[in-house]
Structure formats: C-alpha cells, structure tokens
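Please read it beside the sequence and the coordinates.

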Amino acid sequence: MAASTAVAVAPDWWNDVNNSPMWQDRSFHALAMLYGAVSFVALVQLIRIECRVPEYGWTTQKVFHFMNFIVNGVRSIVFVLRRDVQLVQPEIFQHVLIDFPGLAFFTTYALLVLFWAEIYYQARAMSTDGLRPAFYTINGVVYAIQIILWMALWWKPVRAMVILSKMFFAATSLFAALGFLLYGGRLFLMLQRFPVESKGRRKKLNEVGYVTTICFSGFLIRCVMMCLNAFDKEADLDVLNHPILNFFYYLLVEIVPSALVLFILRKLPPKRGITQYHPIH
C-alpha cells in the first residue's frame with residue numbers, strides 16, 4: 001500500500017513543479033545567469049586575445065570567441081524574457097527566437113572543426129583551399145533549409161511541420177557530432193604519432209582529445225533530445241511547463257560544453273611566429 005502511494009505521489013510532485021510559475025521563473029532565470037556568465041568569459045577572452053595579437057585581425061580563434069559571446073548573450077536575454085517570448089504572436093516567431101541561437105551555436109562550433117581541419121591538412125601538406133568554401137556552403141544550406149521550414153510552418157502550422165523542423169535540427173546536431181569525431185579524431189591520431197619529445201605535444205593532445213569528447217557528446221545528446229522532443233510531448237522543450245527538463249537540457253548541450261571548451265582553450269596565442277591563425281576573409 002505504501003509503495004503504491006509513493007508511486008502516486010511522484011507524478012503529482014513532478015506536475016506541481018512543472019506547473020509552478022515560481023519554479024519556471026527560477027529555472028529560466030538560472031539559465032539566463034549561466035549563459036550570461038559564459039558570454040562574459042568569452043568576451044573577456046576575446047579582449048585578451050585582441051590585446052595580445054592585434055596585428056592579426058579577425059583570426060579563427062577571435063571569431064570563435066566572439067560568436068560564443070553573441071550566442072550565449074542572446075540565449076541569456078531570451079531566458080530572461082522567456083515568459084514574454086511564449087506570448088509572442090504569430091507563434092512562428094517563438095520558434096525563431098528559441099531555435100535561432102541553436103543554429104548559431106552550430107556555426108560557432110563548426111568553426112572549431114574548420115580550424116582543426118585546416119591544421120590537419122596543413123600538417124599533411126594537403127591543400128586547404130576547399131575547406132572555407134565548404135564551411136560557408138554547409139552553413140548557408142543549413143540556414144536556408146531552416147528558414148524554408150520556418151516559412152512552411154508559418155504558412156501551415158501543423159504538427160507534421162513542427163516534427164520535420166525538429167528532426168532537421170537533430171540531423172544538423174548529428175552532423176556536427178560526426179564532424180568533431182572525424183577531424184578531432186584525425187588530429188588526435190596525428191598528434192599521437194609525433195615524437196614524444198615534441199614541444200607541447202602532450203598538452204595539445206589532451207586539448208584536442210578533451211574538446212573532441214565534450215563537443216561530440218554535447219551534439220549527440222542534443223540530437224537524441226531533439227528526436228524525443230519531436231515525438232514525445234512529455235519531452236517538449238518549447239513550453240513553459242517543463243522547466244526542469246529545459247534547465248538540464250540547455251545545461252548539458254550548451255552551457256557546460258561551452259564553459260569547458262573556453263576553459264580548455266584559454267591559452268593565449270604567442271605574440272610572434274603564429275602560422276596557424278589566419279584572418280577570416
């Protein structure tokens with residue numbers, strides 16, 4: 001009898017938390033503060049890098065930190081205004097406000113994959129001419145498809161279009177995870193073959209290994225959660241009454257990975273002799 005009572009109480013407690021405006025506001029404001037903290041750290045690191053090597057212009061490293069600052073800053077603002085966002089009409093703009101920072105997050109970390117791919121190709125004496133055009137093309141296609149899906153959802157807001165949009169988001173996350181696995185794995189294996197006495201080999205090996213694992217895991221979790229989000233209403237992330245689910249989802253797929261990557265990549269570039277940092281044209 002006691003066991004059945006406990007089972008019955010659990011869902012009531014969970015529903016009370018989910019439907020509590022206080023818990024909703026606390027969860028979303030906590031996310032806003034965490035995103036704001038990550039955004040601030042990215043900005044500080046960007047300023048430090050610019051002060052260290054101002055003569056190199058907008059390097060890949062600087063753009064990566066700038067985009068982290070923007071993405072996390074926008075997320076922070078959205079979660080501060082989360083209750084107001086839910087009231088925005090037409091409803092398609094709610095999807096744009098919630099999903100667009102996720103696309104920008106994809107671009108931010110795709111830039112890191114590009115950076116590693118360039119290092120790998122240069123180390124193997126292979127041409128890197130096609131990497132940047134491929135990066136821009138892939139991102140252009142992803143944004144174009146997502147905009148088309150948003151327009152279709154605006155024109156015909158049916159459940160099938162919502163599912164299709166979320167599954168596309170899951171596919172882009174899987175694509176990013178595989179990109180980290182491919183180029184992070186290749187760079188890691190290449191570094192392993194360097195002589196043991198190579199300067200900085202061990203540190204760079206750990207850096208690539210940790211960042212690859214963190215980013216691959218984060219994007220894979222996002223992919224799985226997007227699939228659940230598409231088909232299971234209990235896993236819906238676009239509503240106010242799933243505050244705990246939202247908190248742990250964004251914590252695991254964006255906040256923690258971003259914070260860890262910024263910490264691991266905190267080392268400033270040397271003032272002179274930089275060959276791997278190229279301006280973005």
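Where does Ala-125 lie? Ala-125 lies in the loop between α5 and α6.

## Basis and confidence

This is a predicted model, in which local features need pLDDT of at least 70 and side-chain atom pairs count only at pLDDT 80 or more, while totals for chains, interfaces and linings use all residues. Residues are numbered from 1 along each chain as its sequence is written, and side-chain values use heavy atoms, with hydrogens and water left out.

pLDDT is the predictor's confidence in each residue, from 0 to 100. The chain has a mean pLDDT of 86, and 90% of its residues reach 70 or more. Helices are DSSP runs of H or I with at least four residues, numbered from the N terminus. Confidence is lowest in helix α1 (residues 2-18), with a mean of 59. It is highest in helix α3 (residues 60-80), at 94. Contact means heavy atoms within 4.5 Å. Where pLDDT is low, the predicted coordinates should not be read in detail.

## Backbone features

Ala-125 has a phi near 55 degrees, a positive value in a residue other than glycine. At 72% relative accessibility, Ala-125 counts as exposed. The classes are buried (under 20% relative accessible area), exposed (over 50%) and partly exposed (in between), with a 1.4 Å probe and protein chains only.

Gln-89 and Pro-90 are joined by a cis peptide bond, with omega about -5 degrees. Pro-90 sits in the loop between α4 (82-85) and α5. Most residues other than glycine have a negative phi, and most peptide bonds are trans.

## Two residues in helices

His-65 lies in helix α3. His-65 is buried, at 1% relative accessible area. Its side chain reaches the backbone oxygen of Gln-61 at 2.9 Å. Leaving out residues up to four places away in sequence, His-65 touches Ala-42, Gln-45, Leu-46, Ile-49, Leu-262 and Leu-265.

Phe-248 is in helix α9. Phe-248 is partly exposed, with a relative accessible area of 46%. Phe-248 and Leu-31 are 217 residues apart in sequence, but 9.4 Å apart in space, C-alpha to C-alpha.

## Cavities and a pocket

On a 1 Å grid over the protein atoms alone, a cavity is a set of points where a 1.4 Å probe fits but cannot get out; a pocket is an open set with protein on both sides within 12 Å along at least five of seven lines; lining residues have an atom within 4 Å of a point. Grid points are joined across faces, edges and corners, and a volume is the space filled by probe spheres set on the points. The whole structure has three cavities of 30 Å³ or more. The largest cavity has a volume of about 130 Å³. Its lining has 14 residues, with Asp-99, Phe-169, Met-226, Asn-229 and Asp-238 nearest its centre. α5, α7, α8 (201-231) and α9 (243-264) each supply at least two lining residues of the largest cavity.

The second largest pocket holds about 400 Å³ of space. Of its 18 lining residues, Glu-91, His-95, Leu-153, Arg-159 and Val-162 lie nearest its centre. In this lining, α5 gives the most, with four residues.

Key. A polar contact is a pair of N or O atoms within 3.5 Å; within protein, one must be able to donate a hydrogen and the other to accept it, and residues adjacent in sequence count only if both atoms are side-chain atoms.
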